[in-house]
Amino acid sequence: MSSPIHRVLSTFLKHKVRALLMGGQACILYGGAEFSRNIDFAVMVSDEGLNSLKSALAELEAENIFVPPLSQEALMKGHACHFRCKGEGMRDLRIDVMGVMRAVSPFPELWERRVEIELPEIGGVPVMALADLVQAKKTQRDKDWHMLRQLIESDMYKSSNELSREKILFWFAECRTPELLVNLAAKYPALAGVALEKRPLLESAISGNAEETARLLKSEEDMEKELDWRHWQGLKAELEKWRHEKKHGMCNGVI
Amino acid sequence: MEAFPGKALIRKIVDNDEVLDWYELNPQERFAESQKLWEIFDLFGGSYDVQPDTQSPFNIFKT
C-alpha cells in the first residue's frame with residue numbers, strides 16, 4: 001500500500017491543485033535529513049485554486065482542524081489552514097496549507113520558479129524552488145535554521161562542475177556554514193564583493209575570519225527569528241480569538 | 001565557471017557518513033528512502049501526530 005504522503009501527492013496532481021510542495025517533504029527532496037510527519041503546501045489563493053484544493057481534500061477525506069476554516073481571506077492574511085486526512089490508510093496525516101508567507105514572494109512568482117520533480121508512480125510534483133524554500137524556512141524555530149544550513153550544504157555538495165554566477169551568489173546570500181563562506185570568498189573574491197552589498201557579514205568571510213562569521217551568522221539568525229515572532233503576534237491574537245469563538249460555539253465559519 | 005572545491009570541506013565539517021550519503025542521493029532516491037522510513041514507522045506503530053514544537057506559532061493548538 002502506498003504511503004499517505006504518496007496518496008496526497010497523487011491526489012493533488014489528479015485534481016490539478018495549483019499547489020507547491022514545501023516544508024519538510026520538500027526539504028527531503030532537496031537534501032535535508034528529516035523525517036517529517038506532515039505535508040505542507042503553498043497554494044494559489046483564488047476561487048479556482050481553492051475549488052480544486054477542496055476537491056482533493058474531499059477525496060482524501062481531509063477534515064479542517066483547529067482554526068481558521070479554509071477561506072481566501074484567512075490565507076491572504078498569512079494564516080495556515082490545517083487538515084487531517086481521515087480516509088482509509090491515511091493514518092490521520094496532517095496537511096497544512098498557506099497562501100502567503102512572511103518575506104516570501106507572492107504565489108504566482110513562486111509558481112513561475114517552481115521545480116517539477118518526477119516521482120515514480122506519482123508524476124511530476126511541483127515543488128517550491130530551493131531559493132524560495134530557504135526564505136520560507138526563515139522562521140522563529142531553531143530546527144528550521146538547522147535545516148537551512150543542511151539545504152545549502154547539500155546543494156553545494158551535489159553541485160556540478162559548471163557553476164553559474166547566480167548559483168554562487170545564491171550561496172553567498174544563503175550559506176550558513178562559516179567555514180564554507182570563508183572558502184567560497186577565497187575562491188570567488190569578485191563575486192564575494194558583489195554579494196557583500198546585500199549581506200554585510202560577508203566582510204568577515206572575505207577577511208578569512210570564520211569565528212567572526214559564525215558570530216554574525218548567529219546575529220542574522222536571531223534577527224530573522226525576531227521578525228518572524230513579531231509577524232506572528234498579530235496572527236496569533238486572531239487565532240486565539242477564533243479558537244475562543246469556536247470553543248463557545250460562536251464561530252460561523254465566516255472570517 | 002569551475003566547480004567550488006567544497007566537497008572535501010563539507011565532508012570534514014559534517015563528519016557524519018549517513019548525512020553525506022543522504023546528500024549524495026538524487027531527489028527521487030531520497031523520496032524512495034523516506035517512504036521506506038514510513039513503512040518502518042508504521043511497523044512500530046508510530047503516531048502521525050505532528051510532534052509538539054514550543055517554538056511553532058501553531059503551538060497554541062497544542063497538537
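This is a predicted model: local features need pLDDT of at least 70, side-chain atom pairs count only at pLDDT 80 or more; totals for chains, interfaces and linings use all residues.

Visitor: Start with chain B. How many helices and strands does chain B have?
Guide: Three helices and zero strands, so the pattern along the sequence reads α-α-α.

Visitor: And what share of chain B counts as buried?
Guide: Of its 63 residues, 37% count as buried. The accessible surface of chain B is about 3,900 Å², and 53% of that belongs to carbon and sulfur atoms.

Visitor: Which residues form a nonpolar patch on the surface?
Guide: L37(B), I40(B), L43(B) and F44(B), with about 480 Å² of accessible area together.

Visitor: Where does I40(B) lie?
Guide: In helix α3 of chain B, residues 27–43. I40(B) counts as partly exposed, because its relative accessibility is 46%.

Visitor: Which three residues of chain A supply more of its buried area than any other three?
Guide: R37(A), R91(A) and Y157(A); together they supply 19% of what chain A buries against chain B.

Visitor: Two arginines there. What's the salt bridge count between chain A and chain B?
Guide: The count is zero.

Visitor: Now R141(A). Where is R141(A) found?
Guide: In the loop between α6 (130–136) and α7 (142–157) of chain A.

Visitor: Is R141(A) buried or exposed?
Guide: Buried: its relative accessible area is 19%, and the cut-off for buried is under 20%.

Visitor: What is R141(A) in contact with, leaving aside neighbours within four places in sequence?
Guide: K225(A) in its own chain, plus D53(B), Q55(B) and S56(B) across in chain B.

Visitor: Last topic, helix α10 of chain A. Which residues of α10 are buried?
Guide: L191(A), A192(A) and A195(A), in a helix that covers residues 189–196. Looking down the axis of α10(A), those buried residues fall within an arc of 105°, so they line one face of the helix.

Visitor: What do the buried residues of α10(A) pack against?
Guide: Against α8 (165–174), α9 (178–187) and α11 (202–206), which belong to chain A as well.

Visitor: And which exposed residues sit on the face turned away from the buried side?
Guide: On α10(A), that face carries P189(A) and A190(A).

Definitions and conventions
Residues are numbered from 1 along each chain as its sequence is written. Chains are lettered from A and ligands numbered from 1 in the order in which they are written. Side-chain values use heavy atoms; hydrogens and water are left out. Buried means under 20% relative accessible area, exposed over 50%, partly exposed in between (1.4 Å probe, protein chains only). Helices (H or I, at least four residues) and strands (E, at least two) are DSSP runs, numbered from the N terminus. The arc is that of the directions from the helix axis to the C-beta atoms. Contact means heavy atoms within 4.5 Å. Patches are made of residues with over 30% relative accessible area and no salt bridge: like charges are joined within 9 Å, nonpolar side chains (Val, Leu, Ile, Met, Phe, Trp, Tyr) within 5 Å. Accessible areas come from the Shrake-Rupley method with a 1.4 Å probe; for residues, only the protein chains shown count as cover. A salt bridge is a side-chain nitrogen of Lys or Arg within 4 Å of a carboxyl oxygen of Asp or Glu. Buried area is the accessible area (1.4 Å probe) that two parts lose on being put together, summed over both.
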